[in-house]
Amino acid sequence: MSAPASAPSYAPESLPAAGGPSAAELLDFALRTAADPAIVSSLPLDPEGRTWIRLEGPGGSEAWLIGWPPGTGTGWHDHAESRGAFATARGRLTEHSLTVRLPSEGWKSLELAPDVDRHRTLGAGSGRAFREHHVHEVLNESPAEHAISVHAYYPPLPLIRRYSRSGPVLRLEQVERPADWQ
């Protein structure tokens with residue numbers, strides 16, 4: 001399932017949640033920031049590794065400008081209790097996501113049903129909002145072009161859970177805290 005390259009994604013998961021900016025408001029911020037050439041050009045790009053700059057997000061949110069060299073990605077992960085959004089400023093990103101909400105605790109391995117996978121491609125000027133516990137991976141599948149995106153989360157990320165996936169089996173591999181990426 002792919003969203004049109006020019007259309008922001010306001011799915012049901014972008015509906016407002018109590019306290020702080022809603023996922024839709026985070027998406028609006030990400031889209032506006034991704035359209036600002038001065039901000040986008042301020043990011044130093046590395047030919048081999050992702051680069052990032054922390055931004056001031058709306059309403060106490062955490063925001064990042066991220067550079068994606070060709071062929072890089074995040075791996076499967078979630079943002080725990082944070083809702084969020086991201087928008088592509090340059091290039092094209094692919095998101096693979098799950099439509100099922102996973103238990104937040106008490107498991108190490110789950111077998112997923114066959115119909116839970118979603119796929120979308122987000123070109124420059126398009127974005128995506130999501131609710132808490134959203135499991136996804138984001139990739140720059142281009143063999144030659146850098147991508148740049150803007151990401152925003154509220155509340156600021158308490159942790160990121162990283163997963164491995166083999167067919168229908170999803171395994172919790174690691175829990176990262178803010179000190180691991182700041």
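**Reading the fold, one feature at a time**

Buried residues make up 49% of the 182 residues in the protein chain, where buried means under 20% relative accessible area, exposed over 50% and partly exposed in between, with a 1.4 Å probe and protein chains only. This is a predicted model, so local features need pLDDT of at least 70 and side-chain atom pairs count only at pLDDT 80 or more, while totals for chains, interfaces and linings use all residues. Residues are numbered from 1 along each chain as its sequence is written, and side-chain values use heavy atoms, leaving out hydrogens and water.

User: How many helices and strands does the protein chain have?

Analyst: Helices (H or I, at least four residues) and strands (E, at least two) are DSSP runs, numbered from the N terminus. Here you get two helices and 12 strands.

User: In what order do the five strands of the open sheet come?

Analyst: Strands of a sheet pair through backbone hydrogen bonds, either parallel or antiparallel. Two strands count as paired if DSSP finds at least two bridges between them. In this open sheet the order is β1-β2-β10-β4-β8, with antiparallel pairing. β1 (51-56) and β8 sit at the edges with a single partner strand each, so one side of each has no neighbour in the sheet. For a close look, take β4 and β8: they pair over four bridges, and G84 stands opposite F130 in β8.

User: Which strands does helix α1 lie across?

Analyst: For angles, axes are lines fitted to C-alpha atoms, for helices over the stretch in contact (heavy atoms within 4.5 Å), and angles run from 0 to 180 degrees between N-to-C directions. Helix α1 (residues 23-34) lies across β1, β2 (62-68), β4, β8 and β10, and runs at about 20 degrees to β4.

User: Which residue has a phi near 55 degrees without being a glycine?

Analyst: Most residues other than glycine have a negative phi, and most peptide bonds are trans. A80 is the one you want, with its positive phi. Look for A80 in the loop between β3 (77-78) and β4 (83-90); A80 is buried, at a relative accessible area of 0%. H133 also has a positive phi, about 60 degrees. H133 belongs to the loop between β8 (127-130) and β9 (136-139), and counts as buried at 8% relative accessibility.

User: Where is the cis peptide bond?

Analyst: It joins Y154 and P155, with omega about -10 degrees. P155 is in the loop between β10 (147-154) and β11 (160-166).
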